[in-house]
Amino acid sequence: MVLKSEEEIIKYSMTEEDPNSNAQIVIAEEVSKPRWGPQHAGAQELASQYTKGKRIQETICIGVSTTLIAHNFIMLCWNFHLDKWYFVIASALLGILSADFMSGLVHWTADSWGSVELPIIGKAFIRPFREHHIDPTSITRHDFIETNGDNFSVTIPFMAYSAYKFLTYSPEQIQEVYNFECYLFLLTIFVSVTNQCHKWSHTYFGLPRWITLLQDLHIVLPRKHHRIHHVAPHETYFCITTGWLNLPLEKIRFWSTFEYLIEAVTGCKPRSDDLNWAKKRS
Ligand SMILES: [Zn+2]
Ligand SMILES: [Zn+2]
């Protein structure tokens with residue numbers, strides 16, 4: 001099981017509470033090892049690959065997604081019956097757990113496999129994950145659109161299908177699918193806010209008190225908890241919505257078992273592309 005000691009965390013990850021290393025002593029031999037931060041050559045190259053076209057796509061997707069979410073929320077309220085209150089609570093819990101698991105699955109896939117050189121998905125999907133490891137604080141400089149664009153985009157087909165059902169089904173048919181729609185809606189909400197929770201977990205300065213309270217209560221991803229993922233070689237704690245599933249998945253060796261099987265079948269080493277970017281010097 002890969003649990004990290006305080007010493008490992010300090011040695012193999014970037015001290016985000018001290019991003020300019022003012023309080024750190026840099027030993028000469030460490031200068032040649034992969035380091036982190038906005039000045040890193042790989043981080044600068046990856047950041048420069050965020051294109052105008054990608055930004056336009058993200059802006060449109062956030063607009064479409066929030067319109068569909070608002071529409072479906074009104075329809076869920078309109079069709080709500082008081083005797084269904086416990087389904088809403090159960091759906092919320094299941095939605096959080098599903099979103100946390102999906103965040104881990106997507107994050108693990110993008111971190112561990114593939115490369116930025118792959119056509120289409122390389123630059124659009126894998127690039128931000130590589131950038132995030134070598135410059136974890138870059139996410140704190142991304143605005144709302146760059147932070148949340150991808151997550152809002154993936155919810156569109158599901159919310160569009162729900163909207164279609166609400167608009168075409170009879171009231172009786174809507175009641176039949178109501179519980180599932182409730183779950184899907186709350187899952188969508190948590191998937192949409194996942195990267196925002198992730199951004200907050202990297203924000204060490206100026207967070208409003210209500211957010212740090214949610215982090216302290218572990219309702220959203222806490223900073224100290226997510227720091228464990230950022231210890232090189234980034235092989236654990238992939239869930240980034242609440243992080244509730246990180247310890248249980250680690251205990252059953254969930255990710256390492258899949259990595260072992262994939263490597264045995266394909267011969268691909270997990271996170272080799274990630275390591276190459278970390279070593280990039282110019
Ligand atoms: Zn990662
Ligand atoms: Zn992170």
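Q: In which hand does α3 cross α8, left-handed or right-handed?

A: In this predicted model, α3 passes α8 in a left-handed crossing. Helix α3 covers residues 52–78. Its packing angle with α8 is about 145 degrees, and the two axes are 11 Å apart. On the α3 side the contact is formed by I69, N72 and L76. The α8 side supplies E181, C182, F185 and T188.

Q: What elements make up the protein as a whole?

A: There are 13 helices and 0 strands. The protein has 282 residues, of which 32% count as buried.

Q: How much of the contact set joins residues at least 24 apart?

A: Sequence separation is the quantity to look at here. Among contacts between residues at least 6 apart in sequence, 75% join residues at least 24 apart.

Q: How does the reach of α4 compare with the span expected at 1.5 Å a residue?

A: Helix α4 runs over residues 85–112 and has 28 residues. From its first C-alpha to its last it reaches 40 Å, close to the expected 40 Å. Just after α4, G114 takes a positive phi of about 75 degrees.

Q: Which residues of α4 are buried, and what do they pack against?

A: A residue counts as buried if 20 or more other C-beta atoms lie within 10 Å of its own. In α4 the buried residues include S91, G95, I96, A99, D100 and S103. G104, H107, W108, D111 and S112 are buried as well. The packing partners of the buried residues are α5 (121–134), α8 (171–201), α11 (246–251), α12 (254–266) and α13 (272–279).

Q: Where does UniProt place the feature "transmembrane region"?

A: The unreviewed UniProt entry places it at residues 60–81 and 87–108. In the model, residues 60–81 are 86% helix and 0% strand, with end C-alpha atoms 34 Å apart. Residues 87–108 are 100% helix and 0% strand, and their end C-alpha atoms are 31 Å apart.

Q: Which residues of the largest nonpolar core touch the most other members?

A: In soluble globular proteins, nonpolar side chains tend to be buried together. The largest nonpolar core here has 14 residues. C197, V220, L221, F238, C239, I240 and W255 touch the most other members. Apart from this core lies another, of 9 residues, among them A99, F185, L187 and F190.

Q: What does F238 touch, not counting residues up to four places away in sequence?

A: F238 touches G104, H107, W108, D111, H229 and W255. Of these, G104, H107, W108 and D111 are among the buried residues of α4.

Methods:
Residues are numbered from 1 along each chain as its sequence is written. Chains are lettered from A and ligands numbered from 1 in the order in which they are written. This is a predicted model: local features need pLDDT of at least 70, side-chain atom pairs count only at pLDDT 80 or more; totals for chains, interfaces and linings use all residues. Helices (H or I, at least four residues) and strands (E, at least two) are DSSP runs, numbered from the N terminus. The expected span of a helix is 1.5 Å times one less than its number of residues. A residue is buried if 20 or more other C-beta atoms lie within 10 Å of its own, exposed if 12 or fewer, and partly exposed in between; C-beta atoms are placed from the backbone. Two residues are in contact if their C-beta atoms, placed from the backbone, lie within 7 Å. UniProt positions are given in the numbering used here, feature names are shortened, and annotations may be inferred rather than shown by experiment. A nonpolar core is a set of buried Ala, Val, Leu, Ile, Met, Phe, Trp, Tyr and Cys residues joined through C-beta atoms within 7 Å. Axes are lines fitted to C-alpha atoms, for helices over the stretch in contact, and angles run from 0 to 180 degrees between N-to-C directions. A crossing is left-handed if the near helix is turned anticlockwise from the far one by less than a right angle, and right-handed if clockwise.
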